[in-house]
Amino acid sequence: MSLMPSSPTVNVVIQARASSTRLPGKVLRELGGLSVLGWVIRAARATRGVDDVVVATSDGADDDAVAEEARRHGAEVVRGPLDDVLARFLLACEEHPADAVVRLTADCPLHDPALLAQVVGMWRAEPALDYVSTTLQRTLPRGFDAELVRVPVLVEQAERPEGPHREHVTYGVANDVETYACAGVVVAPRADDLRVTLDTEDDWALLDALVHALSRRHGTGPFAWRDVVALLRERADLVALNAHVEQKEVAA
């Protein structure tokens, strides 16, 4: 009797730290009854096609609270070098083996499980792809960033000891589409002018007001990304709260 081939394993790995340069402690702030990190973990755990959720934080004492909060919300935890995020991802892959991982950052609380499942589903349908993301061609608001990468590709990236990929993990893959097989989720109409990530106090003002308004309409979340965009298109006053905030550039 032949055995059915096992399905590839996909884990979500959430990078998180307390020592943000622009807004320290942001991932532990309470937003609509949950910590910002709690929002991300909840969305990841609700995503169809995901096998496990791991928070990769630093081994510094500053991140003890991050590790505790991650476990409280049902995530696995690995701890490694503060300034080498790729090393933390590889540690997550060693302790929680997977064929591919979805990279999320802990400062994007409004992740939509259906959108994350779309990224995972694209790869499960074509596992020869090295990289699938919502950012290869950005059409969604900043804050819905999700990147799936095959683990052997991450291991290959780790062979280079220095570069922006040590902090930004997938930089060397997403910026080398000639070498790697890449695909992306694109939506229409475009909404990439909007920003729902958390880097500054003005971002916080938007997210706090946005979650309050969304909760009145749609319950406690997670929210559908289209509902987030629809409300922001109605509320120019909310969009204006952080429209001036510029994303930190990646140093190549």
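A salt bridge is taken here as a side-chain nitrogen of Lys or Arg within 4 Å of a carboxyl oxygen of Asp or Glu. In the structure examined, which is a predicted model, a search of the whole structure finds 16 such salt bridges. Side chains of opposite charge can pair when their charged atoms come close.

One of these pairs is formed by Arg-22 and Asp-199, whose side chains meet with a nitrogen-to-oxygen distance of 3.4 Å. The pair links distant parts of the chain, since Arg-22 lies in the loop between β1 and β2 (30-31), whereas Asp-199 lies in the loop between β9 (182-184) and α8 (201-218), 177 residues apart.

Asp-107 is buried, because its relative accessible area of 13% falls under the 20% limit. Lys-26 is likewise buried, with a relative accessible area of 7%. The residues of both pairs belong to a network of salt bridges in which Arg-22, Lys-26, Asp-107, Arg-195, Asp-199 and Asp-203 are linked.

The geometry of helix α4 itself was then considered. The helix covers residues 113-125, and at 1.5 Å a residue its 13 residues should span 18 Å, which agrees with the 18 Å that separates its end C-alpha atoms. The N-terminal end of α4 is capped by Asp-112, a side-chain oxygen of which lies 2.9 Å from the backbone nitrogen of Ala-114. The buried residues of the helix are Pro-113, Leu-115, Leu-116, Ala-117, Val-119, Val-120 and Trp-123, and the elements that cover them include β1 (10-15), α1 (36-45), β6 (100-105), β7 (131-133), β8 (147-150) and α9 (225-234). Gln-118, also found in helix α4, is by contrast partly exposed, with a relative accessible area of 41%. Gln-118 and Val-40 are separated by 78 residues in sequence and by 16 Å in space, C-alpha to C-alpha.

Cysteine pairing was examined last. A disulfide is a covalent bond between the sulfur atoms of two cysteines. The structure holds zero disulfides; Cys-108 is in none, and the nearest cysteine sulfur to that of Cys-108, belonging to Cys-93, is 20 Å away. Cys-108 is moreover buried, with a relative accessible area of 3%. For Cys-182, the closest cysteine sulfur is again that of Cys-93, at 17 Å, which is too far for a bond, because a disulfide requires the two sulfur atoms to lie within 2.5 Å.

Key:
Residues are numbered from 1 along each chain as its sequence is written. This is a predicted model: local features need pLDDT of at least 70, side-chain atom pairs count only at pLDDT 80 or more; totals for chains, interfaces and linings use all residues. Side-chain values use heavy atoms; hydrogens and water are left out. Helices (H or I, at least four residues) and strands (E, at least two) are DSSP runs, numbered from the N terminus. The expected span of a helix is 1.5 Å times one less than its number of residues. Buried means under 20% relative accessible area, exposed over 50%, partly exposed in between (1.4 Å probe, protein chains only). Contact means heavy atoms within 4.5 Å. A polar contact is a pair of N or O atoms within 3.5 Å; within protein, one must be able to donate a hydrogen and the other to accept it, and residues adjacent in sequence count only if both atoms are side-chain atoms.
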